[in-house]
Amino acid sequence: MQSIYQDQLLALARGARASTALSAPTHTAEMNNPVCGDRIRATLTVAGGTITHAHAEAKGCALCEAGAGLWLGMVVGREMAALPGLYDTLTDWLKAGQPPRPDGFSSDIEAFAPVRAIKNRHKCVTLAFATADKFTSA
């Protein structure tokens, strides 16, 4: 279990904790994982269908926070319509044995490679990405 908490993953978690809340988000979404108690509140500023700013408040384990950090690093500049595809891609990557890094993901995803073998922790990693189809206008 210790091997999953290496420096790159912990840096992603710190990045999520350090992100600045949005003063006037246009969209919000919340997700929780009732099994372990992880919670995500994600906020976005969207202009013309494109995400211009993002914030994620993660309350939970380091994997949940790190997943939020990965999400934060990926969503700005993307179209809202692309978010469900990111969730699906990350979920598939976690389930696969030794897949290559998926298109559109930075090398930061490699921090989660040790988690692939621990299926009951996948939802912790993907919780921020699971907000994809839950956003409502703020």
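User: How many of the seven residues of β1 are buried?

Analyst: This is a predicted model. A residue counts as buried when its relative accessible area is under 20%. Strand β1 is mostly covered, and the number of its seven residues that are buried is five.

User: Which residue in β2 is the bridge partner of Met 31?

Analyst: Strands β1 and β2 run antiparallel and are joined by seven bridges. In the hairpin that they form, four residues lie between the strands, and Gly 37 takes a positive phi near 90°. In β2, Met 31 has as its bridge partner Ile 40.

User: In what order do the four strands form the open sheet, and which are the edge strands?

Analyst: The pairing is antiparallel, and the order of the strands is β3-β2-β1-β4. A strand that pairs on one side only is an edge strand here, and this applies to β3 (50-59) and β4 (136-137). The edge strands are therefore β3 and β4.

User: What angle does the direction of helix α2 make with that of β3?

Analyst: Helix α2 (residues 62-75) packs on the sheet, where it touches β2 (38-47) and β3. Its direction makes with that of β3 an angle of about 175°.

User: Within what arc do the buried residues of α3 fall?

Analyst: Helix α3 (residues 83-95) has 13 residues and reaches 19 Å between its first and last C-alpha, close to the 18 Å expected. Its buried residues are Leu 83, Leu 86, Leu 90, Thr 91, Trp 93 and Leu 94. Seen down the helix axis, these residues line one face of α3, because they fall within an arc of 160°.

User: Which residues are exposed on the other side of α3?

Analyst: The buried residues of α3 pack against β2, β3, α2 and α4 (122-126). Exposed residues have over 50% relative accessible area. On the other side of α3, those exposed are Asp 92 and Lys 95.

User: Against which elements do the buried residues of α1 pack?

Analyst: The twelve residues of helix α1 (residues 7-18) should span 16 Å, and the end C-alpha atoms are 16 Å apart, in agreement. Buried in α1 are Leu 9, Leu 12, Ala 13 and Ala 16. They cover an arc of only 100° around the axis and so lie on the same side of α1. The elements against which they pack are β3 and α2.

User: Which exposed residues does the face of α1 turned away from its buried side carry?

Analyst: The buried side of α1 includes Leu 9 and Leu 12. The face turned away from it carries, as exposed residues, Asp 7 and Ala 18.

User: How many disulfides are there, and how far from Cys 36 is the nearest cysteine sulfur?

Analyst: A disulfide requires two cysteine sulfur atoms within 2.5 Å, and the count comes to zero. Cys 61 is in no disulfide, its nearest cysteine sulfur being that of Cys 124 at 3.9 Å. Cys 36 is likewise in none, and is partly exposed at 42% relative accessibility. For Cys 36, the nearest cysteine sulfur is that of Cys 124, at a distance of 3.9 Å.

User: What distance separates the C-alpha atoms of Ala 47 and Ala 132?

Analyst: Ala 47 has its place in strand β2 and counts as partly exposed because its relative accessibility is 44%. Ala 132 is 85 residues away from Ala 47 along the chain, and their C-alpha atoms are separated by 17 Å.

Methods:
Residues are numbered from 1 along each chain as its sequence is written. This is a predicted model: local features need pLDDT of at least 70, side-chain atom pairs count only at pLDDT 80 or more; totals for chains, interfaces and linings use all residues. Side-chain values use heavy atoms; hydrogens and water are left out. Two strands pair if DSSP finds at least two bridges between them. Helices (H or I, at least four residues) and strands (E, at least two) are DSSP runs, numbered from the N terminus. Contact means heavy atoms within 4.5 Å. Axes are lines fitted to C-alpha atoms, for helices over the stretch in contact, and angles run from 0 to 180 degrees between N-to-C directions. The expected span of a helix is 1.5 Å times one less than its number of residues. Buried means under 20% relative accessible area, exposed over 50%, partly exposed in between (1.4 Å probe, protein chains only). The arc is that of the directions from the helix axis to the C-beta atoms.
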